[in-house]
Each structure stands twice: as C-alpha cells, then as structure tokens.
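Hi everyone, thanks for coming. Have a look at the sequence and the model on the screen, and then I'll walk you through a few spots.

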Amino acid sequence: MWRVTVKKTLGGFTLDASLQSDAERCVIIGQSGTGKSLLLKAIAGMMTPDAGHIQVNGRVLDGLDMAQRRVAYLFQDYALFPHLTVAQQVAFATKKGWLNPRQRIEDKRVRYWLEALEIEHLAGQYPAQLSGGQQQRTALARALVSEPEVLLLDEPFAALDTTLRDQMRRLLAEWQARLNLPLLMITHDPDDAQIFGDDVWQMVREDGRGSLQRLAQDNDDGADIRLRLLAAVEEYGDLMQAADKLGMTLSTARQCIDALNNFAGTALVQRDSDDGDYNYRVSAAGQEWLENYQQATGRQQRFIAHLSSQQREVLMNSYWQTSAHNQLRGKIVTVLDGAVNCEVQLAVGKGQILTAMISKGSAERLVLSEGMDVVALINAADVMLATESLAGVLSARNQLSGTVQRIEKGAVNDEVIVDIGHGVTLAATITHGSAENLAIAEGQTVYAVIKAPNVMLAVAR
C-alpha cells in the first residue's frame with residue numbers, strides 16, 4: 001500500500017523518513033516538531049521534497065499536482081471557509097478554480113454526502129453556527145465528495161470531546177472500510193492507533209533529523225513501549241542496550257524515561273551516575289509498576305490492566321492528548337478565584353509550587369479543587385533557564401530550582417533537561433547562544449522560569 005521515501009531540509013531541520021507498509025491503514029505517532037505533518041504534505045503534493053519517491057496503492061504520485069493525486073487531506077482545525085455554508089464547503093471540492101459555489105447547490109454528489117453524513121439539515125448553516133462534530137462531518141464530506149483514492153488525516157479528533165470523538169471514529173472507520181481507501185493518520189491518541197493502526201509507526205527527532213521507525217506489532221498504542229523499556233532497563237541495567245533491544249534511539253529512550261517518571265510523580269527509573277551515562281536502575285516504585293505491567297494479559301488490556309485507575313488515566317489521557325513536551329503530575333494545593341481568571345497552585349517534584357493561570361470558566365469546567373491530581377502541560381519553548389542571580393529579578397511567577405541532568409544538542413537549539421526533585425524533570429529549549437552565556441553544564445543548579453499563563457492543566461478523565 002505505502003512505498004514512501006521523503007527527504008526535505010527546512011532551516012536546521014531535515015525530514016528523512018521512509019514508510020514501507022502493506023497495511024491499508026497506517027498510524028504515525030510522535031512528538032510535535034518531528035516532521036509528521038511535513039510528511040503528509042509531501043504525500044498530498046502540498047510540499048515538494050528535495051528527494052524521494054511516493055507510491056500509494058500502486059499509484060506513483062511523484063510529479064503529479066494536488067488535483068491529479070486525488071488525495072483527501074483532513075486538517076486538525078478542519079480548515080472550513082467562514083463565509084461559505086455547509087453545502088458550499090462541500091461543493092467547493094467539486095469545482096475547478098477559486099470561485100465560490102453558488103448558494104443553491106444542484107450537484108447530486110454534494111447532496112449525496114450531505115445525506116450520507118447526516119448534515120443535510122445544516123446545508124445553509126455557516127461554520128460559526130456548527131458544533132465541533134458538525135464541523136468535522138462537513139470537512140469529511142468535503143474530503144470524500146471529490147472521490148479521493150488516498151485519505152490523509154492530521155490529528156482528526158483532537159478538537160472533539162470524548163463522546164464526539166468516539167462517534168467520529170466509528171463514522172470514519174465505517175466510510176474508510178466502505179470506500180476501501182488507504183488511510184494514513186497522525187495522532188497522539190492511543191484509541192486512534194488501536195482502531196485505525198493496522199501498522200503503527202513513530203516519528204522521532206534526533207540531531208535535527210526526523211525519521212520513522214515501526215513499533216512492534218503487539219504495541220499498537222505506542223504507550224506500551226514505555227513500560228517495555230522499563231522492563232528492558234531492569235533486564236540490562238544499561239539504557240543503550242535496552243534501547244537497542246526495542247529498536248529505539250537513545251534520545252527517544254531518555255524521553256520515555258522522563259515521561260514515565262513525570263507520570264508517576266517520582267523516579268521509576270534512575271541513572272546510576274557512579275557507573276556511567278548509560279547505566280540506569282529501576283527504583284522500588286518502578287518495580288511495582290513493572291510487576292503490574294508483567295501481570296497484564298490480553299490485547300485490549302495489555303500493560304494497563306492492573307495499573308491503578310489513577311496511573312492508567314494519567315498515562316493514557318494526559319500524554320496522548322497533547323503535544324506539550326513537559327507533562328508533570330502534581331497535586332492541587334490552592335485554587336484562588338479571581339474576577340476573570342483563577343490561579344491554581346500545585347505541588348510538583350520535590351514539594352515545589354507551580355502556579356497556573358487559567359480562565360474561571362476552565363476551572364469550573366474541570367471542577368478543580370484542593371487535593372486533586374492534575375497534569376501540568378508546558379511547552380519546552382516556554383521554559384526559560386536562569387542562574388540564581390538572575391532568577392531573583394525576573395517577573396515570572398514560577399521559578400523552580402533544579403539540577404541540569406543532561407543537555408541534548410541540536411542543530412539550532414539545545415534541549416536542557418532539569419531535575420526538579422524525585423526524578424521529575426522539565427525540558428527547556430534554548431538557543432546555543434543562551435546555553436553558552438549561562439555556561440550550562442550537567443550538575444549545575446538552575447531555575448526553570450515559567451510564566452503562569454503558559455501552564456495548562458489537564459485532569460485525567
């Protein structure tokens with residue numbers, strides 16, 4: 001089905017990805033900035049690779065324009081035109097040129113898809129008048145009315161609530177099967193991978209290069225590999241050997257360990273600094289998680305069957321619903337109501353206080369209260385680093401002290417991993433120049449400086 005090789009350099013980043021699969025439905029997971037969307041755009045003809053070859057279901061797409069490729073691309077934000085009605089949105093895909101379709105639609109294909117996706121009663125409505133599910137049905141109808149031969153989806157359900165997400169998954173799966181369309185999906189959600197992932201791949205980024213690696217066939221959701229890494233570290237006591245066993249890069253393995261420790265709120269895996277950079281050991285808490293993982297049985301319940309509900313919810317919901325690099329589990333200490341916003345203070349790491357500023361409506365919707373376990377979501381680019389002398393003069397509310405654990409060198413920026421206690425880490429993305437000015441080095445004490453509005457909160461559902 002898929003014979004795709006794409007190489008493209010943009011600035012300091014190079015996409016060098018190869019997807020070779022006979023599965024009709026493929027899913028790609030991976031963090032933001034690894035090149036997933038860039039790969040989809042290359043297949044769709046929205047971006048010209050520097051080199052490579054694109055063949056889907058026996059059709060060679062190299063050199064064809066977007067219309068000739070007959071590829072349907074469903075965007076995360078749906079990309080609906082605000083000034084066109086639902087019927088006009090769908091009709092737009094049937095017309096040549098950029099003239100808007102007329103208000104009165106006579107095309108039988110448009111009527112068919114409005115009825116098929118049960119949105120015919122919304123034909124005269126505009127996007128602002130539609131719910132999230134109705135907008136997505138409109139976008140899907142627009143994608144399918146052109147009779148595509150390939151279906152590409154970029155985080156198609158991310159903007160929907162849980163109920164709508166389930167409905168749209170069933171709807172999309174039904175139509176994909178009916179039309180027998182090769183499907184390639186980008187997602188952070190394990191349920192998407194479970195339902196659509198006949199073959200699951202992970203996009204990884206290392207040293208400014210994005211590449212694809214296939215996940216094990218018994219690991220459809222991508223989260224299982226983190227706990228399999230835990231087992232491999234226990235077996236070898238060496239991260240490099242554990243990563244090799246699972247076909248992971250060393251950088252990805254380190255990120256997995258950071259994620260596990262952050263989810264647990266304590267160190268499941270610790271580096272034994274006395275024995276070298278790659279020697280790690282599993283802590284007592286990690287042993288408990290590992291025992292629960294090893295007891296799990298059955299395809300639908302693998303690795304999460306015997307985890308506590310709290311562990312399972314944090315692991316499955318918080319990680320996969322966001323692209324934020326930093327995802328720290330914490331307990332709410334105080335909720336301070338304001339006229340418009342609320343300040344939520346939570347304890348993270350070694351008893352440090354992290355403040356988030358969110359709207360009052362969001363606080364009420366999440367029913368935030370003292371003692372609740374939440375996950376703080378922070379983009380690595382929103383974390384600044386400061387020495388002790390600088391931290392005191394900065395206005396940012398959050399200034400978390402920690403120790404530089406390691407530095408991941410990139411082509412343009414460096415990623416600095418800071419341990420803020422109990423094995424919980426924060427990642428900060430800073431320029432080479434900033435790292436040099438601060439003389440950043442492993443073992444150095446620094447302050448992670450974060451503005452309160454840049455801290456988002458998630459509650460495990």
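Let me start with Arg169, which touches Phe157, Asp189, Asp191, Asp192, Ile195 and Phe196 once you leave aside neighbours within four places in sequence. Contact here means heavy atoms within 4.5 Å. Arg169 is part of helix α6, residues 162-179. Helices are DSSP runs of H or I with at least four residues, strands are runs of E with at least two, and both are numbered from the N terminus. And is Arg169 buried or exposed? It's buried, at a relative accessible area of 2%. My cut-offs are under 20% relative accessible area for buried, over 50% for exposed, and partly exposed in between, with a 1.4 Å probe and protein chains only.

Some housekeeping before I go on. This is a predicted model, where local features need pLDDT of at least 70 and side-chain atom pairs count only at pLDDT 80 or more, while totals for chains, interfaces and linings use all residues. Residues are numbered from 1 along each chain as its sequence is written, and side-chain values use heavy atoms, with hydrogens and water left out.

Now the big picture. The chain has 15 helices and 22 strands. It is 461 residues long, and 52% of them count as buried. If you take contacts with a separation of 6 or more, 64% of them are between residues 24 or more positions apart.

Next, the inside. In soluble globular proteins, nonpolar side chains tend to be buried together. I call a set of buried Ala, Val, Leu, Ile, Met, Phe, Trp, Tyr and Cys residues a nonpolar core if they are joined through side-chain atoms within 4.5 Å. The largest one here has 41 residues, and Leu114, Leu117, Leu172, Met185 and Phe196 have the most contacts inside it. What does Leu172 touch, not counting residues up to four places away in sequence? The list is Leu140, Leu151, Leu153, Phe157, Leu183, Met185 and Phe196. There's also a second, separate core of 34 residues, with Ile332, Val383, Ile450 and Val455 among them.

On to strand β6. Both of its faces are covered: Val71 and Tyr73 are buried on one side, and Ala72 and Leu74 on the other. β6 runs parallel to strand β7, residues 150-154, and four bridges join the two. For a pairing like that, DSSP has to find at least two bridges between the strands. Opposite Leu74 you'll find Leu153 in β7.

Helix α1, residues 36-44, is mostly covered too, with seven of its nine residues buried. Lys36 is one of the buried residues, along with Leu38, Leu39, Leu40, Ala42, Ile43 and Ala44. After α1 comes Gly45, with a positive phi near 90°.

Speaking of phi, most residues other than glycine have a negative one. Glu155 isn't a glycine, yet its phi is positive, about 50°. Glu155 sits in the loop between β7 and α6 and counts as buried at 10% relative accessibility. His422 isn't a glycine either, and its phi is about 60°, also positive. You'll find His422 in the loop between β19 (413-419) and β20 (425-431), partly exposed with a relative accessible area of 45%.

Last topic: aromatic rings. Rings of Phe, Tyr and Trp (its six-membered ring) pair if their centres lie within 6.5 Å, and planes under 30 degrees apart are stacked, over 60 edge-to-face, the rest tilted. By that rule there are four aromatic pairs. Why is the pair of Phe81 and Phe92 called tilted? Their planes are at 50°, so the pair is tilted, and the centres are 4.8 Å apart. Phe81 is in the loop between β6 (71-74) and α3 (86-92), while Phe92 is in helix α3, eleven residues apart. Phe81 is partly exposed at 24% relative accessible area, whereas Phe92 is buried at 14%.

Elsewhere, ring pairs link Tyr112, Trp113 and Trp175 into a cluster. The charged end of Arg178 sits over the ring of Trp175, 4.4 Å from its centre. "Over" means that NZ of Lys or CZ of Arg is within 6 Å of the ring centre and within 35 degrees of the ring normal.

That's my tour, thanks!
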